[in-house]
Amino acid sequence: MLKEWKLKEIVLMSLFGVVFGIVYLLFLHIGNLWAGVIGPLAYEWMFGIWFIVSIISMYIIRKPGAALLPEILAAAIEVMLGNAIGPRLILSGIIQGLGAEAAFALTRYRHFHVGILMLAGAGAGVFSFVYGYFLSGYAALDPSFVALMFTLRVASGAIIAGIGGKYIADSLLATGSLRGYAIAKAEKGDVRA
């Protein structure tokens, strides 16, 4: 998968994985505080933050694996920094990354407009929800509550990860720091956008 990648793409993807591993752990604590205030739905509306690295990385690099790999790395970093879930979190990272990657694979990695980014965020939400449904026993909950959880998580993925990820990547692009990456070439019309 990485044999066609440039070293700078691998370094950037790795950097995003490390940075967002820290961000993810920080938001776990914010989510815990928020859940103490509003209850179990607290995480659902903010779940998109845990999918965002896959969107940012893929939107910039635009190669197969650019959504999956940083999500796995971010999960591994989060585990190493002390997330109480432990190594099972890495499996969550894989599943979330696959959900985002699936949306880009559907377009054969040819389209990176906001609709596809939102679909990728929503895909990460769907994949993670299905995994959580079986792992966390959501079947014991009222079906209308489960439907609300699902809706909030998917919407969060689309909005926070999809739109938010595009905004962050576009902001980085505006600084000139992404020259030589696929996103900058697309801006000039050199590669698919």
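Residues are classed as buried under 20% relative accessible area, exposed over 50% and partly exposed in between (1.4 Å probe, protein chains only). The structure is a predicted model, in which local features need pLDDT of at least 70 and side-chain atom pairs count only at pLDDT 80 or more, while totals for chains, interfaces and linings use all residues. Residues are numbered from 1 along each chain as its sequence is written, and side-chain values use heavy atoms, with hydrogens and water left out.

By these classes, Trp34 is partly exposed, with a relative accessible area of 34%. Trp45, at 42%, is also partly exposed, as is Ile38 at 40%. Together with Val37, these residues form a nonpolar patch on the surface, with about 400 Å² of accessible area in total. Helix α1 (residues 7-38) contributes the largest share of the patch, 3 residues; helices are DSSP runs (H or I) of at least four residues, numbered from the N terminus.

A search of the whole structure finds 10 aromatic pairs. Rings of Phe, Tyr and Trp (its six-membered ring) pair if their centres lie within 6.5 Å, and planes under 30 degrees apart count as stacked, over 60 as edge-to-face and the rest as tilted. Trp34 and Trp45 form an edge-to-face pair, at 6.1 Å centre to centre and with 80° between the planes. This pair links Trp34 in helix α1 to Trp45 in helix α2 (residues 42-46), 11 residues apart. The pair of Tyr43 and Trp50 is tilted, because the planes lie at 40°, with the ring centres 6.2 Å apart. Both Tyr43 and Trp50 are buried. Elsewhere, ring pairs link Phe129, Tyr133, Phe134, Tyr138 and Phe150 into a cluster.

Charged side chains also lie over aromatic rings, a relation that requires NZ of Lys or CZ of Arg within 6 Å of the ring centre and within 35 degrees of the ring normal. Arg153 lies over the face of Phe47, at 3.8 Å from the ring centre, and the charged end of Lys8 sits over the ring of Tyr181, 5.0 Å from its centre.

Helix α3 (residues 52-61) is largely enclosed by the rest of the structure, because 10 of its 10 residues are buried. The cover of these buried residues includes α1, α4 (68-80), α5 (88-106), α6 (114-136), α7 (143-174) and α8 (182-187). Arg62, which follows α3, has a positive phi, near 60°.

Conventions:
Patches are made of residues with over 30% relative accessible area and no salt bridge: like charges are joined within 9 Å, nonpolar side chains (Val, Leu, Ile, Met, Phe, Trp, Tyr) within 5 Å. Accessible areas come from the Shrake-Rupley method with a 1.4 Å probe; for residues, only the protein chains shown count as cover. A salt bridge is a side-chain nitrogen of Lys or Arg within 4 Å of a carboxyl oxygen of Asp or Glu. Helices (H or I, at least four residues) and strands (E, at least two) are DSSP runs, numbered from the N terminus. Contact means heavy atoms within 4.5 Å.
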